[in-house]
Amino acid sequence: MASLGQTIFWSIISIIIVLAGAIALIIGFGISAFSIPEVNVDYNASSESLRCEAPRWFPQPTVVWASQVDQGANFSEVSNTSFELNSENVTMKVVSVLYNVTINNTYSCMIENNIAKATGDIKVTDSEIKRRSHLQLLNSKASLCVSSLFAIIWGLLPLSPYLMLK
């Protein structure tokens, strides 16, 4: 059985290791947030429109719309993007509306900052709506820090009963 001193010692060591991983994560990532966008048909608009929403981003990203049919087209004139500060006053909700869309076309809403790029695709036909989305980390240093933190915690979990009892 472990003495109280040993239990306290190993508890402090475990806390220091987890905190070191968290600090490495913050240094590598910076303060940042990202989320996958959801793209839907905007039935509230007066014309055929698409609405792209992502609940949490920081720092402020850029939003670009693309079309499979109209490749290379600039949709900045027919879209409206807003950034709403969330209740914690750190991250922002991204909302972008694309106006005058055509049926039987696939549109992509791409949201990107220096940490991540998220894309939401939508294809609207007369009979169905198909959606797809994905997220890509752009900063390899941040990816490494996240992986390292999870590896440290994963490695410590099986050891924690032994560390407390020795």
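Is Glu53 buried, partly exposed or exposed, and what is its relative accessibility? Glu53 counts as partly exposed, at 26% relative accessibility. Here buried means under 20% relative accessible area, exposed means over 50%, and partly exposed lies in between (1.4 Å probe, protein chains only).

The structure is a predicted model, in which local features need pLDDT of at least 70, side-chain atom pairs count only at pLDDT 80 or more, and totals for chains, interfaces and linings use all residues. Residues are numbered from 1 along each chain as its sequence is written, and side-chain values use heavy atoms, with hydrogens and water left out.

Side chains of opposite charge can pair when their charged atoms come close. A salt bridge is a side-chain nitrogen of Lys or Arg within 4 Å of a carboxyl oxygen of Asp or Glu. The structure holds 5 salt bridges, including those in the table.

| Salt bridge | N to O distance |
|---|---|
| Glu53 and Lys93 | 3.1 Å |
| Arg132 and Asp121 | 2.9 Å |
| Lys130 and Glu128 | 3.7 Å |

Glu53 and Lys93 meet through their side chains. This pair joins distant parts of the chain, with Glu53 in strand β2 (residues 49-57) and Lys93 in strand β5 (residues 92-99), 40 residues apart. Strands (E, at least two residues) are DSSP runs, numbered from the N terminus. Lys93 is partly exposed, at 27% relative accessibility. Glu53 and Lys93 also belong to a network of salt bridges with Arg51.

Technical notes:
Helix = DSSP H or I, 4+ residues; strand = E, 2+ residues; numbered from the N terminus.
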